[in-house]
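Hi everyone, thanks for having me today. Please open the viewer and have the sequence beside it, and we'll walk through this one together.

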Amino acid sequence: MGNPAGRSGEVPASRGRRADAQRNQQTLLTAAAEVFVTSGVDAPIREIAARAGVGMGTIYRHFPTRADLVVAVYRHQVEACAEAGPTLLAATGSPLAALVQWVDLFVDFLVTKHGLANAMQSDTSGFDALHAYFLDRLVPVCGQLLDAAVEAGEIEPGTQPYELMRGIGNLCIGHDSDGRYDPRRLVELLLKGLARG
């Protein structure tokens, strides 16, 4: 049997193409998430295509319906949020600062999530499955950040990750229907309330 990577040790072309396609899809999902945060999940597909630097046909080829795109963005943001927690903890000198930065990402995610129910409309079982996935991935990350901040003496003990995430989620409701309401200011006040002294 020969070397599957070829004699020179190169990666087969099909694997390289798959990696490129994966990177392109991640770029598209990141662009769609940014547009959804600023313009909502009903933003024109052409706006997403322009942000991603692709044609509209590329988006429709990967995501035939808006709901398909919104669900993919949702999953992409959950994974980005989950991966960001440990990264921020390692890169930031203060666990509380890491928590604050992570919550900022979480709020961006929630802005998209609130439009998800409308985009999925009648598919409540699909929405419920995504919500369970969201909790499974993000509650432990929030818990890790809270525990590190308590251990560093930066926040009072006793705050549960689910209750903090739920509280932040409740503060974000209504953002898309009232331009005068900025949940970030209230979330900032909530986080200041956790800090010791």
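This is a predicted model: local features need pLDDT of at least 70, side-chain atom pairs count only at pLDDT 80 or more; totals for chains, interfaces and linings use all residues.

Leaving aside residues up to four places away in sequence, Phe106 touches Cys81, Phe134, Leu138, Met165 and Ile168. Is Phe106 buried or exposed? With a relative accessibility of 1%, Phe106 counts as buried.

Now look at the rings. The structure holds 5 aromatic pairs. In one of them, Trp102 and Phe106 are stacked, 5.5 Å centre to centre with 5 degrees between the planes. Both residues belong to helix 5, which covers residues 95-120, and being 4 residues apart there puts about one helical turn between them. Trp102 is buried too, at a relative accessible area of 0%.

Phe106 also has a stacked partner in Phe134: here the centres are 6.1 Å apart, again with 5 degrees between the planes. Which parts of the chain does that pair tie together? Phe106 lies in helix 5 and Phe134 in helix 6, residues 124-151, so the pair joins parts that are 28 residues apart in sequence.

As a general point, nonpolar side chains in soluble globular proteins tend to be buried together. Here the largest nonpolar core has 36 residues, and the ones that touch the most other members are Trp102, Phe106, Leu138 and Ile168. Helix 4 (66-91), helix 5, helix 6, helix 7 (161-172) and helix 8 (183-194) each give two or more residues to this core. Helix 6 provides the largest share, 11 residues. Another core, of 19 residues, lies apart from it, and its members include Val35 and Phe63.

Let's finish with charges. How many salt bridges does a search of the whole structure find? There are 6. In one of them, Arg184 meets Asp104, with the closest N and O atoms 2.4 Å apart. That pair links distant parts of the chain, since Arg184 is in helix 8 and Asp104 in helix 5, 80 residues apart. Arg184 forms a salt bridge with Asp108 as well, at 2.2 Å between the closest N and O atoms. Together, Asp104, Asp108 and Arg184 are linked in a network of salt bridges. Arg184 counts as partly exposed, at 29% relative accessibility, and Asp108 is also partly exposed, at 22%.

Note on methods:
Residues are numbered from 1 along each chain as its sequence is written. Side-chain values use heavy atoms; hydrogens and water are left out. Rings of Phe, Tyr and Trp (its six-membered ring) pair if their centres lie within 6.5 Å; planes under 30 degrees apart count as stacked, over 60 as edge-to-face and the rest as tilted. Buried means under 20% relative accessible area, exposed over 50%, partly exposed in between (1.4 Å probe, protein chains only). A nonpolar core is a set of buried Ala, Val, Leu, Ile, Met, Phe, Trp, Tyr and Cys residues joined through side-chain atoms within 4.5 Å. Contact means heavy atoms within 4.5 Å. A salt bridge is a side-chain nitrogen of Lys or Arg within 4 Å of a carboxyl oxygen of Asp or Glu.
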